Amino acid sequence: MMTTDFILAIIFDCFFAAVASIGFAVISNPPRKAILVSAFLAAVGHGFRYFLLQSTSLDISSASFIAAFIIGLLSILFAKKIHCPAEVFSFPSLLPMIPGMYAYKTVLASVKFIQSDDYPTSVNIIVDIFRNGTTTVFVLFALVVGVSVPMFIFHSQTFSVTRILKFVNKERRTLGKPSVEIEQIEER
Amino acid sequence: MDIHSELKELSHFLSDYSTCLMAVGTHTSRVVRNTSRIAQSFGFFADMTIFQKTIIMTLRDKDNLHSYSSVNKIKPMALNFEINSRLSSLSWEAYDERLSLAQIKSRYQEIVSKPRMNKWIVLLLVAFANASFCRLFLGDWQAMSIVFIATLVGFFVRQKMMEKHINHLFVFVSASFVASMIGSIATLYNIGNTPQIALGTSVLFLIPGVPLINGVLDIIEGHALAGVSRLINAALLIICLAIGLSLTLLLIGVDAL
């Protein structure tokens, strides 16, 4: 199963997913230090999804869920390292997996449905609309739920990664003030 | 200073802060959390209702004796994750270091006025991204180079029209039409073995990925109304993209993609 060709295909997939993620990320002007991280996460996620789709019988939405879950876990690790909200690099790394083609194919098929007038083609087109539409919705939800499950598990860490207490306390000690402790803010 | 003018001043700032966060593409629960955190650092509480175009916010003191309400318009802005990240940091700084309102305001201005990445670099990177996207859909190198050129031109059209503040739905139809017309060169002249993939992926740079993700995230976090309106907006953009693409298909006479 793991031939050199297959491994090479996975590596190529990782590389092109990383390039795609960088390009789609810069549209939303991310912080400079987050761009490379999101490229790395995209490579891992997309490569892993490619591996799952090729070597197991998983469908595309379950494979996307697992890939997004891995991206979510890694993004929390990186978020703690470089003090950015996790979604700043987990969202761009999901972009190559967004089911864009399925989404517009749904619309195109609907346009074709209005234009067709004989019964058998119409039935075929309905199957097309339904297959593309459900794939879009399921993959989209799988991606977002997959990436946010780790955020819910590590709830308190996720929402305070942009807090830089270490520096705050160092500064406060030099001023002779008591240091601040992490306290859970009352959720409202 | 009496409590009411204090509430009023903070409320003015928080309305700027929250509408800016919302406009640059932060998901709703983070907007609520960051805004209430700054309010708490002054000993107040902020309650807010968020729609696609407005934020309704009431700022009140602990005993609910004094309050200040406002309805704030969300101005359209381009997506910006840097502002998102640094404004989140600012809310923690305000909470931990008890910054004064003047300090927070000056840092806010500094963050918001930071220039974006050079648009020519963005253009080039997006073109490379869409070309490699074409490779992910198993296109060959001829298809990749055609998609590269199509994206370069299509995204340039989008940038130029966005600068002129033309209706964004019309921008999407035009950009997708231009990109897919160039993408269809492969189909017309039978270049390479995968001309269909070149045509199909040439418009994918227009897919509004971040609003789609934000919309679903809002829905599963319970902000259903904000999430659904984000998804409807994203769906509108995808429909516009499909209209541009189907114009091309009509012109070149391809009936299946």
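**Helix packing and an aromatic pair**

Tutor: In this predicted model, helix 3 and helix 4 of chain B pass each other in a right-handed crossing.

Student: Why are helix 3 of chain B and helix 4 of chain B called roughly antiparallel to each other?

Tutor: Helix 3 (residues 81–97) of chain B packs against helix 4 (residues 101–112) of chain B at about 170 degrees, with the axes 10 Å apart. Angles over 145 degrees count as roughly antiparallel, and the two helices are therefore placed in that class.

Student: Which residues of helix 3 of chain B and helix 4 of chain B meet?

Tutor: Helix 3 of chain B contributes Ile83(B), Arg86(B), Leu87(B), Leu90(B), Glu93(B) and Ala94(B), and these meet Ile104(B), Arg107(B), Tyr108(B), Glu110(B), Ile111(B) and Val112(B) of helix 4 of chain B. By class, this contact of helix 3 with helix 4 of chain B has 8 nonpolar and 4 charged residues, with no polar ones.

Student: What makes helix 2 of chain A and helix 3 of chain A roughly antiparallel?

Tutor: The axes of helix 2 (residues 32–55) of chain A and helix 3 (residues 60–82) of chain A come within 9 Å and cross at roughly 155 degrees. The cut-off for roughly antiparallel is an angle over 145 degrees, and the helices therefore meet it. Helix 2 of chain A passes helix 3 of chain A with a right-handed crossing.

Student: How many nonpolar, polar and charged residues does the contact of helix 2 of chain A with helix 3 of chain A have?

Tutor: This contact has 16 nonpolar, 3 polar and 2 charged residues. Among those on helix 2 of chain A are Phe40(A), Gly45(A) and Arg49(A), while helix 3 of chain A brings residues including Ser64(A), Ile71(A) and Phe78(A).

Student: Why is the pair of Phe6(A) and Phe51(A) called tilted?

Tutor: Over all chains, the count comes to 14 aromatic pairs. In the pair of Phe6(A) and Phe51(A), the ring centres are 6.2 Å apart and the planes stand at 35 degrees, so the pair is tilted. Planes under 30 degrees apart would count as stacked and those over 60 as edge-to-face.

Student: What parts does the pair of Phe6(A) and Phe51(A) tie together?

Tutor: Phe6(A) lies in helix 1 (residues 4–26) of chain A and Phe51(A) in helix 2 of chain A, so the pair links parts 45 residues apart in sequence.

Technical notes
Residues numbered from 1 in each chain as written. Chains lettered and ligands numbered in written order. Predicted model: local features only at pLDDT ≥ 70, side-chain atom pairs only at ≥ 80, totals over all residues. Heavy atoms only, no water. Axes fitted to C-alpha atoms, helices over the stretch in contact; angles between N-to-C directions. Helix = DSSP H or I, 4+ residues; strand = E, 2+ residues; numbered from the N terminus. Parallel < 35°, antiparallel > 145°, perpendicular 65-115°, else oblique. Left-handed = near helix turned anticlockwise from the far one by under 90°. Contact = heavy atoms within 4.5 Å. Nonpolar A, V, L, I, M, F, W, Y, C, P; charged D, E, K, R; others polar. Phe/Tyr/Trp six-rings, centres within 6.5 Å; stacked < 30°, edge-to-face > 60°.
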